[in-house]
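Hi,

Here is the structure I promised to pass on. Have a look at it first, and then read my notes below.

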Amino acid sequence: MSPPWGGDNGPPSVPTLNRGRLDAIERDVSREFLVELVGLFVTDVAARLERLSDAVKARQTKRASSLAHALQGSAASLGVLRLRAVAQRLEELTEADEWGASDATLARLIDEFQHVRQVLVAIGSEASSDRAAKP
Amino acid sequence: MLGQGPLIPGAFRAVLSDVTLQSSTQDPNLGILPTAGDVVAVVEDDPTTRLLTKSWLEGAGYTVKEYDSERAVRDEHGPAPTVACVDLGLGEQSGFDVMSFLRERDPELPTIVVTAEREVETAVAAMRAGAYDYLTKPVDRDRLLHSVRRACERRRLIDRVKNLQSELGSSPLTGNVVGASSAMVELSRQVERVIESDVAVCLLGESGTGKELVARAIHRGGPRRAGPFVAINCAAIPASLQESELFGHERGAFTGATQNRLGCFERARGGTLLLDEVGEMSPATQAVLLRTLQERTVRRVGGSQEIPVDVRIVCATHRDLRSEVDAGRFREDLYFRLVVYPIRLPPLRERVEDIPLLVVHFLEKLRARAPHGVRGLSAEALDALARHPWPGNVRELENVIHRSVLACRHDEIALADLPPDLRSLPAAPADVTPRESHEDLLGDDEEVVPLRELEQRAIRKALRLTRGSVGRAAKLLGIGRATLYRRLAELDLAPEAVGRIVA
């Protein structure tokens, strides 16, 4: 299966976020809830990435692929598309015991998380300043 | 006509309706309105997805119990949920195990499984294992609420049917006849009155109303249940053979009588004999039947011996036997012998509120014969069924459902799946105005209807007139929709049975 970004280390063709999904969550529930959800996601994914790194380093096929798989569900729920795509690729690689490529993709996943965290924090700040601006 | 199934009294029939299948384009508040007390168990190990799912469900009015693992589910000892949403990819555990555990604890629990987008095969396996529905990640809010709502409705229906089955465990019609209307409750009462005695019962009803099933219920519920039940359709037997069929014949009695043959009376000895379509009996046979009933003995055709018979007679006819007597086609003395206790079976058009329950029953019955994926009926299709006059009664309905299941390509029978003659019936008027007689609501001159009952009647009538539309019913009643919902809950009612239903 070809990776969604055109090569294991190539430029990603998948957008970082599905902003429409975040907007829908905000519309359906509330802005405060979206901020809370984003905070939970960031904390949870950070912890998962640590466990995933350990599993990849220890070459634990089943555990690594399972953790990569679970990460996709979490990312999908919030519309974090590129992180999901990279996690999906990592799941495939770990399942195939392609550990060299797995190491590289794990690094990419961590980078992507750092990037998406900044984007999400910015969205959270937007929400906070919107709230503060309200009379 | 009527198949095996539960009898449900009219007092509870309202629960069978208000199954509104909403899409995201419809009024979101109406479409996602749960019944107070619906509890959804969310089994999901991913905290983000769990929080999001919980928030959507709580926003729609459901109570949510959340579990992050199979262990957490197993440790739960509180009341069972109404519906469960189970993530099949529960980390290293199996969502299938959770599903089996939940179903072991509560076999009727509708379970909605959630899978990754790429795991449609897993979802299919879950459906085969008994899941109610499946959703793929990322879960869509409207799809989730739609599925949960339908699952809750299904659950409520099952619970009600079970409660009623248990309440009516002693009803003579339980297990024989399907019905929830007041007409069917009255029928049950009538049967109960005669079941223990040997009084001659005459079942009066159109073709397809279930005369033979009621006769069987009388037999099974009475003291002769250990004996045989024999039915003979007088309309299906030529006049020249009726005597032989009923009373038997001796060898050589007529050309072709090569051996002795027992008649229905002798075969039913110690049990019950149903004389179906008794109005079609020839005058000659009527005379012999009268003598048999008087003497309690039969004499076989061509025989000379009087053979004592101890049989309970139940007769049935679609004709007005009194008119047949007046017209000279049926013996009056036989009429008085046979029609000691007449019981009228209501035609289906007089109990349209039973149609949803009958549809569910026939879908289940068909599923037992050959698996099919049809779960229910669209609102439009159910409206069409409610408008049809049903000359063939429940037998015709069964035939229509069978044909529709064969035509149906989705999980719900649509209007287009119904036979053409049902599709072309005129639609119910879009706007209705109250035209009910005051007597209907207030009772007759001698009767004072308690206010609570009066209110119930008015609400039922408004819902019936509007085919279960709460908004329009509230308008007719001159109250707000929220008030009507509150009153429905307080009175333990739900929009009437001409609403919508899923199997």
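Let's start with a term: a residue is buried if 20 or more other C-beta atoms lie within 10 Å of its own, exposed if 12 or fewer, and partly exposed in between, with C-beta atoms placed from the backbone. By that rule, 44% of the 503 residues in chain B are buried, and for chain A the figure is 34% of 135 residues.

Some housekeeping: this is a predicted model, where local features need pLDDT of at least 70 and side-chain atom pairs count only at pLDDT 80 or more, while totals for chains, interfaces and linings use all residues. Residues are numbered from 1 along each chain as its sequence is written, and chains are lettered from A and ligands numbered from 1 in the order in which they are written.

Now the overall make-up. Helices (H or I, at least four residues) and strands (E, at least two) are DSSP runs, numbered from the N terminus. Chain A has five helices and zero strands, while chain B has 21 helices and 14 strands. Two residues are in contact if their C-beta atoms, placed from the backbone, lie within 7 Å. Looking at contacts with a separation of 6 or more, residues 24 or more positions apart account for 59% of those in chain A and 74% of those in chain B.

How do the two chains meet? There, 16 residues of chain B are in contact with 19 residues of chain A. On the chain B side, helix H2 (residues 47–59) gives the most, with eight residues. That side of chain B has six nonpolar, six polar and four charged residues. (Ala, Val, Leu, Ile, Met, Phe, Trp, Tyr, Cys and Pro count as nonpolar, Asp, Glu, Lys and Arg as charged, and the others, Gly among them, as polar.)

H2(B) packs against H2(A) at an angle of about 160°, with the axes 9 Å apart. Axes here are lines fitted to C-alpha atoms, for helices over the stretch in contact, and angles run from 0 to 180 degrees between N-to-C directions. That makes H2(A) roughly antiparallel to H2(B); angles under 35 degrees count as roughly parallel, over 145 as roughly antiparallel, 65 to 115 as roughly perpendicular and the rest as oblique. Among the residues that meet are A:Phe33 and A:Leu37 in H2(A), and B:Pro47 and B:Leu51 in H2(B).

Within chain A, helix H2 (residues 31–57) also pairs with helix H3 (residues 61–78): their axes come within 9 Å and cross at roughly 165°. H2(A) and H3(A) are therefore roughly antiparallel to each other. Their contact has twelve nonpolar, one polar and four charged residues.

Finally, some backbone details in chain B. Most residues other than glycine have a negative phi, and most peptide bonds are trans. Which peptide bond is cis, with omega near 0°? Look at the one from B:Lys137 to B:Pro138; B:Pro138 lies in the loop between strand S5 (133–136) and helix H6 (141–167).

Then there is B:Arg296, with a positive phi near 60°. B:Arg296 is exposed, with 12 other C-beta atoms within 10 Å. B:Asn393 also has a positive phi, of about 55°, although it is not a glycine. B:Asn393 is found in helix H16 (residues 393–407) and is buried, with 23 other C-beta atoms within 10 Å.

Happy browsing!
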